[in-house]
Protein chains: 2
Amino acid sequence: MSISTKPASGFRDFLPKDVRRRQFVFNTIERVYESFGFERLDTPCVERLDTLLGKYGEEGDQLVFKILQRGDKLQRALQAEEVKDTDLADAGLRYDLTVPLARVYAQYRNDLPRFFKRYQIAPVWRADRPQKGRYREFFQCDVDVVGSSSMTVEAEVTAALATILKELRFNDVRIHVNHRKVLLALMQVSGIPESQESDALIAIDKLDKVGRDGVIAELTTRGIADSAVTKLMAVLEGCPGPGQPGFSNEAMLAHLQQSLSASEEGEAAVSDLSDLLEYAAGGAAASLICLDPYLARGLSYYTGPIFEIRSDDFAGSLGGGGRYDGLIGMFMKGDVPACGFSLGVERILVLMEERGLFNDDETHVDVMLMLWDKETTASTMALAAELRSQGLRVDVYPDHDKYSKQFKYAESRNIPVVVMMGADESAANEVTVKNLTTGTQVSVPRNQAALTIRELSSPG
Amino acid sequence: MSISTKPASGFRDFLPKDVRRRQFVFNTIERVYESFGFERLDTPCVERLDTLLGKYGEEGDQLVFKILQRGDKLQRALQAEEVKDTDLADAGLRYDLTVPLARVYAQYRNDLPRFFKRYQIAPVWRADRPQKGRYREFFQCDVDVVGSSSMTVEAEVTAALATILKELRFNDVRIHVNHRKVLLALMQVSGIPESQESDALIAIDKLDKVGRDGVIAELTTRGIADSAVTKLMAVLEGCPGPGQPGFSNEAMLAHLQQSLSASEEGEAAVSDLSDLLEYAAGGAAASLICLDPYLARGLSYYTGPIFEIRSDDFAGSLGGGGRYDGLIGMFMKGDVPACGFSLGVERILVLMEERGLFNDDETHVDVMLMLWDKETTASTMALAAELRSQGLRVDVYPDHDKYSKQFKYAESRNIPVVVMMGADESAANEVTVKNLTTGTQVSVPRNQAALTIRELSSPG
């Protein structure tokens with residue numbers, strides 16, 4: 001056979017061991033989000049092309065996987081003088097989870113709670129060139145609150161994130177927090193004109209990649225006037241930043257309040273950040289939040305606080321988010337306040353694997369019943385039913401092979417305990433339970449099987 | 001805005017209430033399969049086109065959603081003299097979960113256990129014309145055992161199905177069982193030539209739609225000789241069938257043994273079915289299994305026992321399966337024994353909804369904390385963190401609205417209990433806990449909040 005049995009390029013198979021690792025992380029995230037009152041939303045993998053296109057910039061549009069028309073529609077499209085890919089397709093695979101959320105909110109808002117707190121953990125698709133660690137199908141893990149402008153939302157979202165990170169044993173991370181309006185005020189007080197804002201933001205966002213001198217060089221290269229650079233850096237460096245000696249959120253907040261008081265945006269931002277710190281103080285995020293005036297994040301749609309999870313122990317971030325009061329409005333009239341976060345779950349999985357944080361030894365089958373011969377098979381299978389009804393996860397070896405082969409199989413599957421029920425045991429209405437690690441083996445009356453399996457399973 | 005906010009035609013959004021119903025069913029299925037030692041496999045939604053095409057017949061190939069090429073490859077394909085859809089695409093959305101299983105088994109068989117017991121609950125896509133109850137994206141729920149020819153496998157698969165059906169409260173169903181070789185033997189002893197086998201099988205499979213006279217008419221229309229029809233019906237009607245007075249598996253087995261003894265296939269089939277009944281006797285499937293010589297199922301790839309879940313209370317089936325010892329070999333040399341079942345999970349969801357089997361009242365948030373004013377907000381949010389660490393699912397109302405509005409919101413979300421922590425309570429280090437259904441309201445010291453919430457939540 002010449003057919004390849006590999007998955008398509010950029011796609012992955014997850015064998016049971018991989019699935020268990022991924023599910024462990026997904027389940028942890030779901031459980032925490034649900035403990036914060038978030039509810040799960042599921043949207044289709046396929047969206048109309050006019051839902052997807054025009055939302056991610058030209059580069060993003062190119063990366064949308066489009067689904068080929070069929071039958072007459074395809075024939076008609078092919079007969080056009082100039083065939084365009086948007087005529088050959090009218091649907092595509094979703095590119096992220098934010099556009100579907102905005103569409104769903106616009107479509108069903110009358111059926112949704114006034115405050116819509118949803119999470120979604122689901123695959124998205126991008127036609128990027130596949131490379132190490134970059135796939136064409138990968139999971140995103142989004143949480144958003146739609147409907148409130150209160151900073152309690154930011155406090156809750158960051159608290160949920162901090163709880164997840166703690167449960168997954170990321171003990172060395174910070175949640176960097178800035179505010180879109182801090183950035184705007186910074187531009188204003190430095191005298192950087194609106195036309196140069198995005199250039200300046202790109203430059204200062206690079207601090208952790210290029211350092212402070214690199215930022216200054218980048219600002220100058222991008223044509224920011226020297227006087228503006230000097231003023232900007234004076235504010236940015238006027239107070240120790242995250243990770244620097246002497247850093248504190250209180251000091252940073254006071255510094256920003258003083259430095260940005262000439263700007264209306266600055267005052268609004270400082271008020272929001274002050275509320276956020278106040279509301280977050282008693283929760284899990286309090287010790288992780290760091291005000292960071294350098295944090296810019298690329299996306300221009302943020303309108304309020306912005307977040308990013310970082311650590312000194314790895315490059316890049318574990319996800320980011322913020323308040324985007326205009327974005328939901330892309331599918332409906334009027335702005336709707338919203339704040340969300342996208343956790344970099346694929347990155348988290350890679351780091352957890354590198355750090356050996358997965359407990360792969362955890363058993364997924366409690367006991368395997370061995371088969372002796374055809375005559376005793378029915379009663380072995382009946383025992384399997386009894387044990388399952390008592391809450392045990394039970395595998396039954398399917399064939400009448402030699403015991404040595406059956407033992408080997410159980411070991412290869414990491415099954416800790418096996419049960420033998422041969423002719424002798426059957427005659428005596430007994431079972432023999434054996435722990436394959438310790439070698440301990442006992443024969444007990446059949447009705448004590450579950451108890452004995454549990455006893456022999458527990459370590460020590 | 002003129003952009004539609006509906007999902008693409010044939011696709012569905014699942015709001016949180018729908019998700020809860022679907023997850024309840026999926027979780028039940030997963031839990032049962034895992035208690036039988038099955039492990040979860042995840043494969044990509046997108047497969048290479050040469051993996052998909054040629055596996056589902058010409059009609060099936062037409063229904064595969066193909067993904068448009070991009071960039072140069074697309075341009076080259078469009079410049080061909082005759083543009084074919086298979087040149088415009090090199091990947092597609094998976095059409096079922098069986099072909100991916102076969103591909104995965106061929107690719108990773110050396111890393112997989114000798115007996116590979118996997119389940120997969122995942123969406124598949126078919127470019128069918130959308131209509132009521134038929135969608136272009138729907139979930140399949142497959143379980144398969146690869147690697148053993150023993151009838152213990154059939155016994156385990158049917159026992160798992162029976163357990164799932166019981167847990168989902170389908171108390172009125174039967175698992176119809178037949179054997180591919182029973183059907184072949186029936187043809188042989190009736191004198192129906194091989195060339196007419198598939199015609200004859202299509203006819204007898206229609207019993208529950210057209211009745212016995214309809215089956216005879218269909219056989220005659222399809223050109224089966226009268227003498228063969230007479231012989232065939234004599235065997236089929238020689239023993240009461242499932243649902244008829246006097247039916248028993250033992251009687252049916254004895255009847256088949258006698259009627260088909262002239263055929264080698266018949267003897268092999270009767271031996272298999274006898275083993276299957278023997279092994280299943282002590283488990284959950286014993287009371288549901290009905291030997292049914294009419295059951296044919298369309299797919300020609302079955303080689304052994306075949307199953308279908310049916311009921312007198314609804315038309316059609318809740319899924320089907322069987323043994324297909326040749327199918328895995330489509331991606332590798334040599335046959336691999338395998339047996340599987342695809343549970344009709346979308347059908348199950350519709351029936352459960354029609355029958356009111358979902359418990360939508362089940363709460364998904366244990367308590368909502370109300371907000372009094374800005375000053376008390378931080379301590380309310382700290383309380384939320386404490387309650388969550390004690391295992392409660394806690395929502396915090398985000399805005400400083402009037403209490404009446406907050407009560408209304410909690411009711412709209414079916415949240416049973418709320419906590420108030422106004423200025424008076426805060427001063428006294430107390431909280432007021434209120435059950436919104438009964439109106440019961442008590443003030444307790446703050447450190448007793450979790451206990452009191454649990455007390456006021458429990459019914460009665």
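Reply: Happy to. Let's begin with a pair of strands: β12 of chain A, residues 367-369, runs parallel to β13(A), and the two are joined over 3 bridges. Within this pairing, A:Met368 sits opposite A:Asp395 of β13(A). Please keep in mind throughout that this is a predicted model.

Now step back to the sheet around that pair. It is an open sheet of 5 strands in chain A, ordered β13-β12-β14-β15-β16, with mixed pairing. The edges are held by β13 (394-396) and β16 (441-445) of chain A; each has a single partner strand, so one side of each has no neighbour in the sheet. From one strand to the next, the twist averages 25 degrees.

Next, follow the chain out of β12. A:Met370 is found in the loop that links β12 to α15 (374-389) of chain A. Setting aside neighbours within four places in sequence, A:Met370 has contacts with A:Tyr397, A:Tyr403, A:Gln406, A:Val418, A:Val419 and A:Met420.

Chain A is split into domain 1 (1-45 + 94-149 + 337-362), domain 2 (49-93), domain 3 (163-324) and domain 4 (367-457). Between domain 1 and domain 3 of chain A, the C-alpha centres are 27 Å apart. Where these two domains meet, 16 residues of domain 1 of chain A contact 15 residues of domain 3 of chain A. On the domain 1 side, α1 (16-35), β11 (338-343) and α14 (345-354) of chain A each contribute at least two residues. The most come from β11(A), which gives 6 residues. By class, that side of domain 1 of chain A has 11 nonpolar, 4 polar and 1 charged residues.

One last stop, over in chain B. Helix α1 (residues 16-35) and helix α7 (residues 151-167) of chain B pack at about 145 degrees, their axes 9 Å apart, and the crossing of α1(B) and α7(B) is right-handed. From α1(B), the residues B:Thr28, B:Ile29, B:Val32 and B:Tyr33 meet B:Ala160, B:Thr163, B:Ile164 and B:Glu167 of α7(B). This contact of α1(B) with α7(B) is made of 5 nonpolar, 2 polar and 1 charged residues.

Conventions:
Residues are numbered from 1 along each chain as its sequence is written. Chains are lettered from A and ligands numbered from 1 in the order in which they are written. This is a predicted model: local features need pLDDT of at least 70, side-chain atom pairs count only at pLDDT 80 or more; totals for chains, interfaces and linings use all residues. Axes are lines fitted to C-alpha atoms, for helices over the stretch in contact, and angles run from 0 to 180 degrees between N-to-C directions. Helices (H or I, at least four residues) and strands (E, at least two) are DSSP runs, numbered from the N terminus. A crossing is left-handed if the near helix is turned anticlockwise from the far one by less than a right angle, and right-handed if clockwise. Two residues are in contact if their C-beta atoms, placed from the backbone, lie within 7 Å. Ala, Val, Leu, Ile, Met, Phe, Trp, Tyr, Cys and Pro count as nonpolar, Asp, Glu, Lys and Arg as charged, and the others, Gly among them, as polar. Domain bounds come from an automatic or database domain assignment. Two strands pair if DSSP finds at least two bridges between them.
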